[in-house]
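This report covers salt bridges and nonpolar cores. The sequence and the structure come next.

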Amino acid sequence: MNTYIVSAICGCLFYVVGFSQDKNIGELLNEIEQNNIELKAYQSLIDGQKLQNKSGNNLPDPQLSGYYLPFGDHQTDDYTEFEISQSFEFPSVYAARNKWNNLRAEQLQAAYGEKRQEILLKAKKGLIELFILQKRKTIEDERKKQSQEVYEQMQELFNREQVGILDLNKSKVAWIQEQFVVEQLEAEIQNQRTALQALNGNQPLGLDNLQFNIPFQIQTVADLWNEKLAKDPKLLELKAYEAAAQQNVQLEKNKLLPDLSLGYNYQGVNGNNYSGVYGGLTIPLWNSKNRVKAAQANYEYQQSNTQVEQQMLYAKLQQEYNQYQLLLNKYTEYQDTIETLNSEDLLFKAYSLGEYSFLEYYMEVQFYRDATDRMLQMEKQLQLLQAQLLIHQL
């Protein structure tokens, strides 16, 4: 394995090797956020729900009623009456409901944040997958080249009757296998590009020039948790639900106050007419019964639920963090070992000088290739696990 492949596999311990100069992962995620069809639809749904909540705090429509009574036996002229009135809840109810609606809007915004996070995490994992596939293809291209050289050497040896047909066929099979691996990787890369373009609203996404520099070292679990408390939509949604439940208690208390009605009334008969102000109020005896208690019970539930959910999320964070640190330590060991060996390149030179038979060379080189593939797989797992740990930063 030549120096280029070693550097492509190993890179720096704390930084992933970039494979472009133009677009970085942050720019691509911003582009996907702007173009994603599902996010646009969900934002429209959220906006509609916010408007619907606001409409629940509007005044009821004014009411116009009238009487014209020309029929029946009467000595006077026909009786006429009309009235226009406006009913409304006690003013403090509207103020309390407005605060409640604002808190519900925060809930909806947090729900949108979760959907956004879900889609961007999927996109980020897709970009990581594409990055690893391209690194694998770089490695497999070199292996295919070496396999072809080995086969051509075996063909020359076979022509000089220095090796048998079995060794020649084995070298050809090894070359064919490497060709298939490269072709398969090319198909996987294209499929991954297609999936990422779908997330981008089926619009072209510049993936040929992608900057991918992400540090492997991350903050302590305590720092990560504090960041999540301040930024993570799931935790913010829990706080919004709790605050809305608390405000609903105040709203239900205010609803115990009577509803009011104001209006204008006109009555006229036999040339005489009367007009003046109409007023009324409801007596809140039945409609609000037990509503304050129910709201209080819901608030207490939301408080408990917030604590339980936070504990579960923190436990999950600790588990993922411990898994990440364990994998990072193992990856470091692999990297330090493979970085200094360059064993595949040495084996190929030894085989070229005739120090190994094809079978001996193939068995030895396969061991180092498996180790290299394992390290690349660990790098992928590290990137995916880090994306999950840092999901609140999306």
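## A buried charged pair

The model is predicted: local features need pLDDT of at least 70, side-chain atom pairs count only at pLDDT 80 or more, and totals for chains, interfaces and linings use all residues. Residues are numbered from 1 along each chain as its sequence is written, and side-chain values use heavy atoms, with hydrogens and water left out.

Which residue forms a salt bridge with Arg369? Glu178 does, with the closest N and O atoms 3.5 Å apart. A salt bridge here is a side-chain nitrogen of Lys or Arg within 4 Å of a carboxyl oxygen of Asp or Glu. The pair links distant parts of the chain: Glu178 lies in helix H5 and Arg369 in helix H10, 191 residues apart. Helices (H or I, at least four residues) and strands (E, at least two) are DSSP runs, numbered from the N terminus. Glu178 is buried as well, at 11% relative accessible area.

## Other salt bridges

The structure holds 14 salt bridges. One of them joins Lys135 and Glu379, whose closest N and O atoms are 3.1 Å apart. Are Lys135 and Glu379 buried or exposed? Both are buried.

Glu186 pairs with Lys137 at 3.8 Å between the closest N and O atoms. Here helix H5 supplies Glu186 and helix H4 supplies Lys137, 49 residues apart. Glu186 is partly exposed, with a relative accessible area of 40%. Elsewhere, salt bridges link Glu38, Lys115 and Glu118 in a network.

## Nonpolar cores

A nonpolar core is a set of buried Ala, Val, Leu, Ile, Met, Phe, Trp, Tyr and Cys residues joined through side-chain atoms within 4.5 Å. The largest has 31 residues. Leu29, Leu127, Leu196, Leu207 and Phe212 touch the most other members. Two or more residues come from each of helix H2 (25-35), helix H3 (37-55), helix H4 (91-159), helix H5 (165-199) and helix H10 (358-389). Which element gives the most to this core? H4 does, with 13 residues.

A second, separate core has 21 residues. Among them are Leu224, Leu327, Met378 and Leu382.

Notes:
Buried means under 20% relative accessible area, exposed over 50%, partly exposed in between (1.4 Å probe, protein chains only).
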